[in-house]
Each structure stands twice: as C-alpha cells, then as structure tokens.
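Dear colleague,

Please find below the structure that I am handing over to you.

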Amino acid sequence: MEFATLHSILTLILFVSFVAFVIWAYSKKRKSDFEEAANLVFDDEPESGKQSSKRESEHE
C-alpha cells in the first residue's frame, strides 16, 4: 500500500470517530448527565455550619 492510501484511510477513520463523538455528545440521552456535571460547581456550597465542618474533616 502506498503512503497516500494509508493516509486516506486514517483520515476517514478519524473523521468517522469525530462524527460519532459529536453525535454522542449532543444526544438527548446525555443531556441530563451534562447538566448534572455543569451544576457540580454549585454543590460545594455549605448548607449549614455542621455539614461544612463535617465536609472539612472528611477532606483532611
């Protein structure tokens, strides 16, 4: 096989992989998982004094 043929096959494989990844990322099944991940940053806020000290002791 020539180098150009191998290069074309690799390009095709990478393009199909990219399209599959985009379809996976934007599928409706994944929306709830990504929304949950986006809101993780807000879960770090303490709800009360007792729980914040408990969380701090767990991290130590």
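The search for salt bridges gives a count of one. Please keep in mind that the model is predicted. The salt bridge joins the side chains of D33 and R30, with 3.2 Å from N to O. Both D33 and R30 belong to helix α2 (residues 28-38), where they stand three residues apart, about one turn of the helix. D33 has a relative accessibility of 35% and therefore counts as partly exposed. R30 is also partly exposed, at 23%.

R30 has a further contact: R30 lies over the face of F34, 5.2 Å from the ring centre.

Two aromatic pairs are found in the whole structure. In one of them, the ring centres of F21 and W24 are 5.6 Å apart and the planes meet at 35°, so this pair is classed as tilted. F21 and W24 both sit in helix α1, three residues apart, which is about one turn of the helix. The other pair consists of W24 and F34, whose ring centres are 6.0 Å apart; because their planes are at 80°, the pair is edge-to-face. This pair links distant parts of the chain, since W24 is in helix α1 and F34 is in helix α2, ten residues apart. Through these ring pairs, F21, W24 and F34 form a cluster. W24 has a relative accessible area of 39% and is partly exposed; F34, at 36%, is partly exposed as well.

Turning to the chain as a whole, the protein has three helices and zero strands, in the order α-α-α from the N terminus. How much of the chain is buried? Of its 60 residues, 0% are buried. The chain exposes about 6,000 Å², and carbon and sulfur atoms supply 63% of that area.

Finally, a word on confidence. The mean pLDDT of the chain is 82, and 73% of the residues reach 70 or more. Confidence is highest in helix α1, with a mean of 95, and lowest in helix α3 (residues 49-59), with a mean of 56.

Yours sincerely,
A colleague

Conventions: Residues numbered from 1 in each chain as written. Heavy atoms only, no water. Salt bridge = Lys/Arg side-chain N within 4 Å of Asp/Glu carboxyl O. Helix = DSSP H or I, 4+ residues; strand = E, 2+ residues; numbered from the N terminus. Buried < 20%, exposed > 50% of the residue type's maximum accessible area, 1.4 Å probe, protein only. Areas by Shrake-Rupley, 256 points an atom, 1.4 Å probe, with all protein chains shown as cover. pLDDT = per-residue confidence, 0-100. Phe/Tyr/Trp six-rings, centres within 6.5 Å; stacked < 30°, edge-to-face > 60°. Lys NZ or Arg CZ within 6 Å of the ring centre and 35° of its normal.
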